[in-house]
Structures are given as C-alpha cells and as structure tokens.
Amino acid sequence: MAKRPVPLYDFAAFGQAIKAARTARKESLKDVSDAMNISPRYLTNIENKGQQPSLQIFYALVTRYNISVDKFFFPNRDTEKSTQRR
C-alpha cells in the first residue's frame, strides 16, 4: 500500500520569530546552541532556512522564548482569548 503524500510545513516564519526573540534578548547563536546541546549550524538553519526542527528542539525553543505556536499553525484564527467553550 502506497503512502499518501503529506506536504511539509514551512517553518520559515517560525525561524524568523525565533531569531527575532533571540536577538531581542541579546543571546548569541553559540550561547543558545550550547545551552540546548545542539550545533550552531542547526539553529542557524532553523532561523534562516526554515529547517524543520525536531519536536524536542521545537518545544525547547517555544518555551525558551515564550512564543505562541497558534499564530503559525492557525494563522487565520483569531487568537484573542474567549470565554466560549471549545
């Protein structure tokens, strides 16, 4: 049985948000990559080329910089908090 082709998500906007947050905190690529035990090249590729990070690195970056992923995965959804039940 053939696998159904699944389009890859473009992480370019995510990478730009990570780079903006990192530079706003005045953290160098080396400092962040050393703290996260990844190579500086891997982090550079995520930021500049939109490389898809592993789930662990994705989670670590989102929590490190307190970035909401809703704006990347649901760009057309209103992100305002609501009391409406989902």
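Student: In the protein chain, what share of the contacts between residues at least 6 apart in sequence join residues at least 24 apart?
Tutor: A contact means heavy atoms within 4.5 Å. In this chain, 60% of the contacts between residues at least 6 apart join partners at least 24 apart in sequence. Bear in mind that this is a predicted model, where local features need pLDDT of at least 70, side-chain atom pairs count only at pLDDT 80 or more, and totals for chains, interfaces and linings use all residues. Residues are numbered from 1 along each chain as its sequence is written, and side-chain values use heavy atoms, with hydrogens and water left out.

Student: Is Val62 buried or exposed?
Tutor: Buried means under 20% relative accessible area, exposed means over 50%, and partly exposed is in between (1.4 Å probe, protein chains only). Val62 has 13% relative accessibility, so it counts as buried. Across the protein chain, 30% of the 86 residues are buried.

Student: And what about the surface?
Tutor: The Shrake-Rupley method, with a 1.4 Å probe, gives the accessible areas. Here the total for the protein chain is about 7,000 Å², and carbon and sulfur atoms hold 52% of that.

Student: Which residues of helix H2 are buried?
Tutor: H2 covers residues 29-36, and its buried residues are Val32, Ser33 and Met36. They sit on the same side of H2, because their arc around the axis (taken from the directions to the C-beta atoms) is only 95 degrees. Their cover includes helix H1 (12-24), helix H3 (40-49) and helix H4 (55-65). After H2 comes Asn37, with a positive phi near 60 degrees.

Student: Which residues are buried in H3?
Tutor: In H3 look for Tyr42, Leu43, Asn45, Ile46 and Glu47. H1, H2 and H4 are among what covers them. Just after H3, Gly50 has a positive phi too, about 70 degrees.

Student: How do I read a pair of packed helices?
Tutor: You describe the two by the angle between their axes and the distance between the axes. Axes are lines fitted to C-alpha atoms, for helices over the stretch in contact, with angles from 0 to 180 degrees between N-to-C directions. H1 and H4 pack at about 45 degrees, with axes 10 Å apart. That makes the pair oblique (under 35 degrees is roughly parallel, over 145 roughly antiparallel, 65 to 115 roughly perpendicular, the rest oblique). Phe14, Ile18, Ala21 and Arg22 of H1 make this contact with Phe58, Leu61, Val62 and Tyr65 of H4.

Student: At what angle do H2 and H3 cross?
Tutor: Roughly 110 degrees, and their axes come within 9 Å. H2 and H3 are therefore roughly perpendicular. On the H2 side, Leu29, Val32 and Ser33 meet Pro40, Leu43, Thr44 and Glu47 of H3.

Definitions and conventions. Helix = DSSP H or I, 4+ residues; strand = E, 2+ residues; numbered from the N terminus.
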